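Reader: I have a model open on my screen and would like to know what stands behind the words used for it. Could you take me through them?

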Amino acid sequence: MATIIDGKKLAAEVRERAAADVADLAARGIACGLAVVLVGDDQGSATYVRAKLRDCEECGIPSQDYKLPASTSQEELMELVQRLNADAGIVGILVQMPLPRHLDEEAVVAAIDPKKDVDGFHPENLGRLVRGLPGLRPCTPAGIMEMLDAYGIDPAGKNAVIVGRSSIVGKPMSLMLLAQNATISVAHSHTDPRELARICQSADILVAACGIPKMIKGPWIKPGATVIDVGMDRDENGKLCGDVDFASAELVAGAITPVPGGVGPMTRAMLMSNVAFAAKLQNGLI
């Protein structure tokens with residue numbers, strides 16, 4: 001039976017470290033404010049924002065919550081981002097995605113000051129990741145790297161397979177694992193379905209981030225492999241599940257993340273860590 005990687009416990013430890021950093025910075029007179037911008041009334045996004053604001057309160061991070069109507073124009077949103085860029089009390093800016101369809105997400109991300117980009121999505125920060133330079137990292141893959149480290153899973157020399165190639169998870173995940181000397185394969189929607197199971201079976205570390213409920217089954221998993229399930233899906237009964245069929249995978253894997261309680265809590269916790277990192281970065285402490 002696989003070891004269950006406890007994301008909730010690890011996330012609490014990450015938030016505790018972030019809170020200590022924030023308190024230390026506050027004692028030096030350094031602000032650690034986070035601005036969270038939500039456009040429209042998507043209920044999933046609103047729920048996620050509320051959770052992030054609770055995390056801020058726990059970590060002692062002053063937060064400013066901007067709720068904008070779905071009719072907000074590109075110009076209005078860009079003006080808000082520029083005001084927040086210029087606000088010395090705000091060290092982190094988070095614009096909750098997805099945005100309403102009439103808004104240009106890429107332009108908004110690019111408008112955020114890279115040193116305040118606590119999501120780690122700005123082209124400059126992704127470029128620094130590619131170059132192996134320090135910078136703000138996307139929260140989900142950064143959280144996964146923390147999980148691997150906490151459970152003593154060293155990627156060096158291992159075959160790592162990422163199913164999914166988004167700029168939020170798949171691509172940065174591959175770069176972070178590569179930086180730790182793993183051998184990387186990335187599968188995606190155009191991967192030959194007949195080959196996908198074989199590719200997954202080669203993985204010592206398998207990261208599922210494809211958004212398809214329970215797609216990855218136990219027989220697709222190499223015995224003893226580490227399985228990281230990024231998915232947040234609903235099964236045929238409307239129950240929350242991941243991209244991995246947990247029941248069958250748990251019997252084969254060496255270690256596995258549950259859904260819920262795995263990667264999700266770590267993603268939010270790494271945002272708090274990024275806020276503290278951003279404050280240090282902007283004040284010449286990194």
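Reader: What makes α6 stand out in the lining of the second largest pocket?

Author: Its share does: α6 gives five residues, the largest share of that lining. Keep in mind that this is a predicted model. Other elements that each supply at least two residues to the second largest pocket include α5 (123-131), α7 (170-179) and α10. The lining has 24 residues, and R137, A142, M145, M176 and Q180 lie nearest the centre. The volume of this second largest pocket is about 510 Å³.

Reader: Which element gives the most to the lining of the largest pocket?

Author: There it is α10, with six residues. The elements giving two or more residues are α2, β4, α6 (139-150) and α10 (263-282). In total 38 residues line the largest pocket, with Y48, T140, V230, M232 and T267 nearest its centre. About 900 Å³ of space lies inside.

Reader: Why is one space called a cavity rather than a pocket?

Author: In a cavity a 1.4 Å probe fits but cannot get out, whereas a pocket is open, so the way out decides the name. Searching the whole structure for cavities of 30 Å³ or more finds one. The largest cavity holds about 50 Å³ of space, which means that it passes the 30 Å³ cut-off of the search.

Reader: Which residues line the largest cavity?

Author: I93, L94, V95, M97, V109, I112, D117, D119 and F121 do. Strand β4 gives the most, with three residues. By class there are seven nonpolar, no polar and two charged residues. Asp counts as charged, so D117 and D119 belong to the charged class.

Reader: How do you know that β2 and β3 are paired?

Author: Pairing takes at least two bridges between two strands. Six bridges join β2 (residues 33-39) to β3, so the pair meets the definition. The two strands run parallel, and A35 stands opposite Q64 in β3.

Reader: What makes β3 and β4 edge strands?

Author: Each of them pairs on one side only: β3 is 63-68 and β4 is 90-95. The open sheet has three strands in the order β3-β2-β4, with parallel pairing. From one strand to the next, the twist averages 15°.

Reader: Which helix packs on this sheet, and which strands does the helix touch?

Author: That is helix α2 (residues 43-59), which touches β2, β3 and β4. The direction of α2 makes about 170° with that of β2.

Reader: Why is the meeting of E13 and K9 called a salt bridge?

Author: The cut-off is 4 Å from a side-chain nitrogen of Lys or Arg to a carboxyl oxygen of Asp or Glu. For E13 and K9 the N to O distance is 2.9 Å, so the pair qualifies. The structure holds 11 salt bridges.

Reader: Why are E13 and K9 separated by about one helical turn?

Author: Because they are four residues apart in helix α1 (residues 7-27).

Conventions. Residues numbered from 1 in each chain as written. Predicted model: local features only at pLDDT ≥ 70, side-chain atom pairs only at ≥ 80, totals over all residues. Heavy atoms only, no water. Axes fitted to C-alpha atoms, helices over the stretch in contact; angles between N-to-C directions. Contact = heavy atoms within 4.5 Å. 1 Å grid on protein atoms, 1.4 Å probe; cavity = no way out; pocket = protein on both sides within 12 Å on 5 of 7 lines; lining within 4 Å.
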